Structure formats: structure tokens, C-alpha cells
Amino acid sequence: MKHHFNVNKYSEILGVDLTRKTRKQDYTYARFAVYYYLREKGWGLKKITDYFGYKSHSSICNGINQMRDKLSYGDKLAVDYYNMIKDDEYKVVTTINGIAI
């Protein structure tokens with residue numbers, strides 16, 4: 001299975017620089033939402049880890065678990081970020097050559 005990922009695209013969608021190393025809530029939630037989304041799409045932990053430049057997949061696992069928990073109890077920021085990613089995927093799927101199908 002071929003995976004395509006453009007960190008700049010997701011940074012633009014979410015309005016935060018996903019490559020910025022910070023623990024500010026909006027940045028961490030955005031990264032967690034992307035980890036969770038990519039994992040749902042079938043990406044392996046190693047591939048996600050490599051894309052974000054981590055040495056170990058433990059940060060990715062932690063982020064995925066935190067996002068799952070936050071989504072389960074309806075945390076507004078987590079839900080908003082996750083929906084932004086899902087909404088963008090829907091736009092891509094329902095459009096061919098710029099024409100809605």
C-alpha cells in the first residue's frame with residue numbers, strides 16, 4: 001500500500017506548524033490528530049515516527065491514545081482538529097478535477 005503524506009498540507013488545514021517542536025496544546029492536539037488519522041488510514045507506527053522525526057514510536061503511541069481518549073469524551077479542540085482533517089479528505093474524494101461529483 002502506497003502512502004502519501006504532505007506535512008505542509010496538514011499544517012495548512014489545521015493552522016499550525018506540525019513540525020514545530022512545542023508542547024503548546026493547540027500544536028500537540030494537531031499532531032495527535034494527524035497521528036490518529038494516519039494510523040486509521042493504515043500507516044504503521046514506524047512510518048509515522050519517521051515522518052515526524054522521532055527516534056521512538058512511543059510518542060506516536062501516546063499521541064494516538066490521547067487523541068482516542070479526547071475524541072471519546074468530545075474534547076472540543078481534539079474533535080475540531082480531527083474533523084478538519086476528515087472534512088478535507090471528504091472534499092478530495094468528492095471532487096474530480098475541481099468538479100464536485
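This is a predicted model: local features need pLDDT of at least 70, side-chain atom pairs count only at pLDDT 80 or more; totals for chains, interfaces and linings use all residues.
User: Thanks! What is the angle at which helix α2 and α4 pack, and how far apart are their axes?

Analyst: Helix α2 (residues 25–40) meets α4 at an angle of about 95 degrees, and their axes are 8 Å apart.

User: What makes α2 and α4 roughly perpendicular to each other?

Analyst: Angles of 65 to 115 degrees count as roughly perpendicular. The angle for α2 and α4 is about 95 degrees, so the two helices are roughly perpendicular to each other. On the α2 side, the contact is made by Tyr29, Phe32, Ala33, Tyr35, Tyr36 and Arg39. The α4 side brings in a list that includes Ile60, Gly63, Ile64, Met67, Lys70 and Leu71. By class, the residues of this contact divide into nine nonpolar, four polar and three charged.

User: Which residues of α4 are buried, and why are they said to be on the same side of α4?

Analyst: The buried residues of α4 are Ile60, Gly63, Ile64, Met67 and Lys70. They cover an arc of only 135 degrees around the axis, and that puts them on the same side of α4.

User: Why does Ile60 count as buried?

Analyst: Buried means under 20% relative accessible area. Ile60 has 0% relative accessibility, so it counts as buried. Leaving aside neighbours within four places in sequence, Ile60 is in contact with Tyr35, Leu45, Ile48, Thr49 and Tyr54. Ile60 and Val34 are 26 residues apart along the chain, and their C-alpha atoms are separated by 9.9 Å.

User: What about Ile48 and Thr49: why is Ile48 called buried, and why does Thr49 count as buried?

Analyst: Both values can be set against the cut-off of under 20%. Ile48, in helix α3, has a relative accessible area of 0% and is therefore buried. Thr49, also placed in helix α3, is at 4% and so counts as buried. Not counting residues up to four places away in sequence, Ile48 touches Tyr35, Leu38, Arg39, Trp43 and Ile60. Ile48 and Ile60 are 12 residues apart in sequence, with 7.3 Å from C-alpha to C-alpha.

User: How do you know whether Leu71 counts as buried, partly exposed or exposed?

Analyst: Buried is under 20%, exposed is over 50%, and partly exposed is in between. Leu71 has 21% relative accessibility, so it counts as partly exposed. Leu71 lies in helix α4 and touches Tyr36, Ala78, Val79 and Tyr82, not counting residues up to four places away in sequence. The C-alpha atoms of Leu71 and Tyr82 are separated by 8.5 Å.

User: Let's turn to α1. Which of its residues are buried, and what puts them on the same side of α1?

Analyst: In helix α1 (residues 7–14), the buried residues are Tyr10, Ser11 and Leu14. They cover an arc of only 105 degrees around the axis, which puts them on the same side of α1. Asn8 and Glu12 are exposed on the other side of α1. Just after α1, Gly15 takes a positive phi of about 75 degrees.

User: Finally, in what order do the elements of the protein run?

Analyst: From the N terminus on, they run α-α-α-α-α-β-β, which gives five helices and two strands. Of the 101 residues of the protein, 35% count as buried.

Key: Residues are numbered from 1 along each chain as its sequence is written. Side-chain values use heavy atoms; hydrogens and water are left out. Buried means under 20% relative accessible area, exposed over 50%, partly exposed in between (1.4 Å probe, protein chains only). Helices (H or I, at least four residues) and strands (E, at least two) are DSSP runs, numbered from the N terminus. The arc is that of the directions from the helix axis to the C-beta atoms. Contact means heavy atoms within 4.5 Å. Axes are lines fitted to C-alpha atoms, for helices over the stretch in contact, and angles run from 0 to 180 degrees between N-to-C directions. Angles under 35 degrees count as roughly parallel, over 145 as roughly antiparallel, 65 to 115 as roughly perpendicular and the rest as oblique. Ala, Val, Leu, Ile, Met, Phe, Trp, Tyr, Cys and Pro count as nonpolar, Asp, Glu, Lys and Arg as charged, and the others, Gly among them, as polar.
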